[in-house]
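I opened the notebook to look up how the parts of this chain meet, and which contacts hold my attention where they do.

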Amino acid sequence: MMENIIDAVSYEENIIQLQLRNVPKHPMIIAKIFTILSECGVNVDMISQVMIEDAMQIEITLDEKYQKNLNDAIMRLKDEVKQLEIATNRKYFKIAVGGKLLETTPGAAAKVFTILGDNNIHFYQVTTSKRTISFIVDKKHKELAMKKLDEAFGLNI
């Protein structure tokens with residue numbers, strides 16, 4: 001029964017998405033990027049990456065309370081990894097849905113993405129673990145997304 005697969009939902013409204021484009025495909029460069037973020041006191045949340053021909057794009061979410069730290073990190077990143085293209089976005093809202101049965105039941109992601117698709121709610125970054133699917137959507141779709149997920153899974157949001 002699909003209703004019991006997802007038994008929890010959480011959300012974060014005040015997030016920043018950091019996009020790093022033109023990242024060289026080398027583990028030490030990626031390590032350097034995350035070391036700089038760490039040294040500047042930026043606590044990262046979601047991390048996604050996409051390979052694009054000779055480089056990659058990395059997308060990271062973080063709480064907006066780290067904005068000042070992020071500004072410092074961006075200055076260092078621009079200085080130390082010259083070819084990086086860096087953008088930030090504050091128009092997103094993060095939703096995480098989960099449940100104990102998620103890891104053993106096919107179809108949960110399909111159901112979640114169908115709910116979003118049926119309601120024309122685009123998602124811009126996704127990460128998963130065995131028991132959680134996290135994704136970001138436009139803040140303007142917050143109420144609709146929460147309502148439709150609640151209706152589908154009985155989450156009483």
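I began with the salt bridges and noted that the count comes to 13. Before going further I reminded myself that this is a predicted model, and I kept that in mind for every entry below.

Among the salt bridges I picked out the one that lysine 94 forms with glutamate 12, where the closest N and O atoms are 3.3 Å apart. I then checked where the two partners sit, and found lysine 94 in strand β6 and glutamate 12 in strand β1, which covers residues 8-12. The pair links distant parts of the chain, as the two residues are 82 residues apart.

Next I looked up the domains. The domain assignment of the protein chain gives domain 1 as 8-13 + 91-153 and domain 2 as 15-89. I also consulted the UniProt record, an unreviewed entry, which places the feature "domain: ACT" at residues 18-89. Over residues 18-89 I read off 38% helix and 42% strand, and I noted that the end C-alpha atoms of this stretch are 7 Å apart.

I then asked myself how many residues of domain 1 are in contact with domain 2. I found 13 residues of domain 1 in contact with 10 residues of domain 2, while the centres of the two domains, taken over C-alpha atoms, are separated by 24 Å. The size of an interface is often given as the accessible area lost when the parts come together, so I looked that up as well. Domain 1 and domain 2 bury about 970 Å² between them, and 48% of this is on carbon and sulfur atoms. Tyr92, Lys94 and Gln125 supply 50% of the area that domain 1 buries against domain 2, which is more than any other three residues supply.

Which strands supply the side of domain 1 that touches domain 2? I found that β6 (92-98), β7 (123-128) and β8 (132-138) each supply at least two residues of that side, and that the largest share, 4 residues, comes from β7. By class, I sorted that side of domain 1 into 6 nonpolar, 3 polar and 4 charged residues.

Note on methods:
Residues are numbered from 1 along each chain as its sequence is written. This is a predicted model: local features need pLDDT of at least 70, side-chain atom pairs count only at pLDDT 80 or more; totals for chains, interfaces and linings use all residues. Side-chain values use heavy atoms; hydrogens and water are left out. UniProt positions are given in the numbering used here, feature names are shortened, and annotations may be inferred rather than shown by experiment. Domain bounds come from an automatic or database domain assignment. Contact means heavy atoms within 4.5 Å. Buried area is the accessible area (1.4 Å probe) that two parts lose on being put together, summed over both. Ala, Val, Leu, Ile, Met, Phe, Trp, Tyr, Cys and Pro count as nonpolar, Asp, Glu, Lys and Arg as charged, and the others, Gly among them, as polar. A salt bridge is a side-chain nitrogen of Lys or Arg within 4 Å of a carboxyl oxygen of Asp or Glu.
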